[in-house]
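Please consult the sequence and the coordinates shown here while reading.

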Amino acid sequence: MSENAAIKILICQGTGGVSMGAKEVEAEFFRVIAEKGVDAIVGKRCDVIKTGCRGLCANDVLVDIITEEQGRVTYDFVTAEEVEKIVDEHIVNKTTLEKRKAKPYYNTFVDQQMRVVMTGCGQINPESLDAYLAEDGFKAVEQCVKQMTPASVIDEMKKSGLRGRGGGGFPTGMKWSFCAATPGKVKYIICNADEGDPGAFMDRSILEGDPYCIIEGMMIAGYAIGATAGYVYVRAEYPLAIERLQMAIDVCYEKGYLGKNVMGFGFDFDLRIKKGAGAFVCGEETALMASIEGERGMPRPRPPFPAVKGLWGKPTNINNVETFANVRHIILKGADWYASLGTETTKGTKIFAVTGKVKHTGLVEVPAGMTVREVIYNVCGGIANNRKFKAVQAGGPSGGCIPADILDTPVDYDSLIKAGAMMGSGGLVVMDETTCMVDVARFFLTFTRDESCGKCVPCRIGLKAMLDILERITEGRGESTDIDKLLEMGTTIKKASLCGLGQTAPNPILSTIKYFRHEYEAHINEKRCPSNCCKELLLWRVIPEKCVKCGACLKACPVDAIKWEKGQLAELIIEKCTKCKSCYDACRFMAIE
Amino acid sequence: MSNATAANTATEEKAEEVIDLTAANAVIDKYLTLHGNLMPVLQGIQDEYGYVPKPTIDLVAERLNVYPSQIFGVLTFYAQFHLKPRGRFIIRVCVGTACHVQGATRIVETFFDKLGIGHTETSADLRYTFEKVACLGACGMAPLAMVNDATYGAMTVQKVDAIIADYNQRPMKK
């Protein structure tokens, strides 16, 4: 019914939106519209619709108003106080508030992308089955069951060239065919939503913004493989995603889209959420299954692969959230269409979470094969605060760094691996000249050391030993043999570990040594940190030649260690300084070192 | 820290005496027939009590027919299970990659400093528990902090003071 309404107000309510007060903004819209009788004034109904995350959380609350006369207008940073004004001007008077409109960056950010998987996110109400049905929801599964055999569904997936979006990049159709070929009455489908990579949040956005498309993707997989039960393993850090998905599952059971004899098609499919409990290693498929079974989430040796002997010893197919989200689009638009996107070896689109020192952080969906430079500069607006680009970290704790001189690497599975990084789940953390690469390596190692499950010695003890060396280096006690030691240990750990965590954990160190060896050497030989980051090695001061007397550092300093008056050079009182670097990050002119 | 430890031991001993197992039994009843029910049961118990009290471990062991050692193994493996009572306000600071490069370290250190408790520790008066967490999935608002369910984006050292001042005023009762 809402589709016929003339005026739509879309309010972004993902985790980002809600924490910036989207609920208050929504309530205010409802209040103002009801109180003023806006529907009657403009002679049309105004629908306030909550949508999922559209991937630009830094600028929340985002509000889209769609009217016949003005088309779609986006306002950013909306607060509840402004709602009345927006309603008065935009909807009643029909004049766009030019000053409050999202600046051109917004259009650049959106237009440069190609949204396939994320079409629903930020456009439809994730909590409404009707909204999903209006977007051809559950048409794909209908098409599969009515017009295709399970084998032809798998063939279609193979033809599309879709590869697993969780990071491994294994061809999805192939994976399905293995599981379908294993004999057995009971089979399982698992959706891996244990998105543990720090810096990646596309799975969360999809679950929050378009939960029904995951359910449909899993149903199609279930039909193709012959599985009648599915689990979605969601990490417990995503309460909103769990809430929305649970709501969607409940509605599906109620309306007959899940359960016995799904949609009257004659096949059964049960789906339930399994909540994680805070262990990064559970993103590894065998550890994830151990966790569903109620055990410690420790990886098991492969083979046997899950397709043969998985959950409770039954054939199991595991795919990532983004992979399942692709499925319905492939069925609806055809494998040929999908295969026409992307590069030779990587088909379709990929969502990246671009974060760090970039102007516009957010989720970016682009066809595979776009270069890293285009993603960072064209879509996301380049580096924040007028600083120089140093590197981009791709693939999270398992990935590596891409330095400035190979920025034209295309984003596909194979090119990224060749560059020493990897696609991973698609996190791109941008670093500028103030980020120390040794510190970044140390950071990732701290993470993987903490998250190692402890099963294999190389990973459990080796990572700790490497971390000790890195800590020594960042504290100015590095020794000349350290780099070689790190390289040797890193290669051994990669070779001798059982699961993906151990096999990739040394990557951030190996790749930073490869491209930024000089920074390691500066720490070790000259006991200095070229990026002014490792605080044991630093003594802060203001550089008078560069200071523009703006006073930004004074505002940033939490301990009053900056002396500044209007028109005067800033001065740093070293006795009070706690070396927290607030001033350094606040200065746009690199006048503090 | 000896005070906090002493307080924790004291509450633990007290808890062993008075813990009411009705809620735990209800959780077990709910999941009794589910395949792979150990984690949902433990999660349910933690939702009820705020942590997993020791008497409930024995109860779960008996009713689900698993060894207490196995339950203990699961509880200590996953970061989100707690064996001790937790503070009224759980402060979580994200130290994921995006937050790290945007200066999460100074936020963490300021909280340590102001609250006098470290990572995963609870203050003696049970008001605060502090945790560093890896990625809350809202990297666009880095650096990020959470108190219970409220999110605070673009954190600065100054905002830490404001948050603590705010929560110091709030009542201990839910």
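Predicted model: local features only at pLDDT ≥ 70, side-chain atom pairs only at ≥ 80, totals over all residues.

## Strand pairing and chain contact

One of the residue pairings involved links Ala193(A) to Val234(A), its bridge partner in β6(A). These two strands belong to an open sheet of 4 strands in chain A, ordered β7-β6-β5-β8, in which the pairing is parallel. At the edges of this sheet lie β7 (270-275) and β8 (316-320) of chain A, each of which pairs on one side only, and from one strand to the next the twist averages 20°.

Chain B has a secondary structure of 8 helices and 4 strands, which follow the pattern α-α-α-α-α-β-α-α-β-β-β-α when read along the sequence. Of the 174 residues in chain B, 36% are buried, and among its contacts with a separation of 6 or more, 60% come from residues 24 or more positions apart.

Between the two chains, 34 residues of chain B are in contact with 40 residues of chain A. The elements that give two or more residues to the side of chain B that touches chain A are listed below.

| Element | Residues |
|---|---|
| α3 of chain B | 38-49 |
| α5 of chain B | 68-77 |
| α6 of chain B | 97-101 |
| α8 of chain B | 157-169 |

The largest share of that side, 4 residues, comes from α6(B), while by class the side of chain B that touches chain A has 18 nonpolar, 15 polar and 1 charged residues.

Terms used:
Residues numbered from 1 in each chain as written. Chains lettered and ligands numbered in written order. Pairing = 2+ DSSP bridges. Axes fitted to C-alpha atoms, helices over the stretch in contact; angles between N-to-C directions. Contact = placed C-beta atoms within 7 Å. Nonpolar A, V, L, I, M, F, W, Y, C, P; charged D, E, K, R; others polar. Buried ≥ 20, exposed ≤ 12 C-beta atoms within 10 Å, placed from the backbone.
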